[in-house]
Amino acid sequence: MNASYHAHNANQLLNSHQCFADLPIPLLYQQLDQLFPGSLFIHTTRDVDKWLGSMKWLYESAGPLWRRGFVDDELLYQMYGSSRFNEQLLKVSFLNHEESVQAFLAQKNGQGLTIHIDKGELTYATLGQFIKIPSGLTGDLPRLNEPKSPSVIRKLNHFIERRYLPLNA
């Protein structure tokens, strides 16, 4: 495994940043709430079918583009129960996660916000109002992970890296 995965001290990392997003946070949000009382939580959600389309792209095309590897596979497995696209399993995982997060946020007394990204709610104004910091920016927040297709060369490189390079290379 790459040495950089072992170089980070979790406490140092958590205490040196003000914001975290994406995996592995959905696995840790309840523990983070205990470690950092008073924290704000922003839950982004979307229509389950649109999310499944995005996940199909993530599982099948994003690997070569993002150089997704074994650590990423483990995170996907921990979160969704599979490191390969399985629509039925992912849908159940999504619905269970949504229920769990909504129950958690219902107890947060104004420290939680759900943003439906498919309904135009992911805006600078919405975010700024919740965190009580005016951004001076207007409109929608940029979406940085729009689906793209990897080139044949990128796919081939990814295949070779995943199949033939040792984990500690």
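Here is a short chat about how some labels on this predicted model were decided.

Author: A word on the ground rules: residues are numbered from 1 along each chain as its sequence is written. Because the model is predicted, local features need pLDDT of at least 70 and side-chain atom pairs count only at pLDDT 80 or more, while totals for chains, interfaces and linings use all residues; side-chain values use heavy atoms, with hydrogens and water left out.

Reader: Thanks! How many helices and strands are there in the protein chain?

Author: The protein chain has seven helices and two strands, in the order α-α-β-α-α-α-β-α-α. Both are DSSP runs numbered from the N terminus: helices are H or I with at least four residues, strands are E with at least two.

Reader: What makes I25 count as buried?

Author: Buried means under 20% relative accessible area, exposed means over 50%, and partly exposed lies in between (1.4 Å probe, protein chains only). I25 has 19% relative accessibility, so I25 counts as buried. This residue belongs to helix α2 (residues 25–35). In the whole chain of 169 residues, 28% count as buried.

Reader: And why is I131 called partly exposed?

Author: Its relative accessible area is 33%, which means that I131 falls between the 20% and 50% cut-offs. You will find I131 in helix α6 (residues 124–131).

Reader: Which residues is I25 in contact with, leaving aside its neighbours within four places in sequence?

Author: Those are F20 and L32, where contact means heavy atoms within 4.5 Å. By the same rule, M55 is in contact with Y80, F85 and L90, again leaving aside neighbours within four places in sequence.

Reader: What makes a set of residues a nonpolar core?

Author: The set must consist of buried Ala, Val, Leu, Ile, Met, Phe, Trp, Tyr and Cys residues joined through side-chain atoms within 4.5 Å. The largest one here has 13 residues, and W51, M55, L58, Y59, Y80 and L90 have the most contacts inside it. Helices α3 (48–66), α4 (70–80) and α5 (87–106) each give two or more residues to this core, with the largest share, eight residues, coming from α3. A second, separate core of six residues includes I115, I117, F130 and L141.

Reader: Why would such side chains gather like that?

Author: In soluble globular proteins, nonpolar side chains tend to be buried together.
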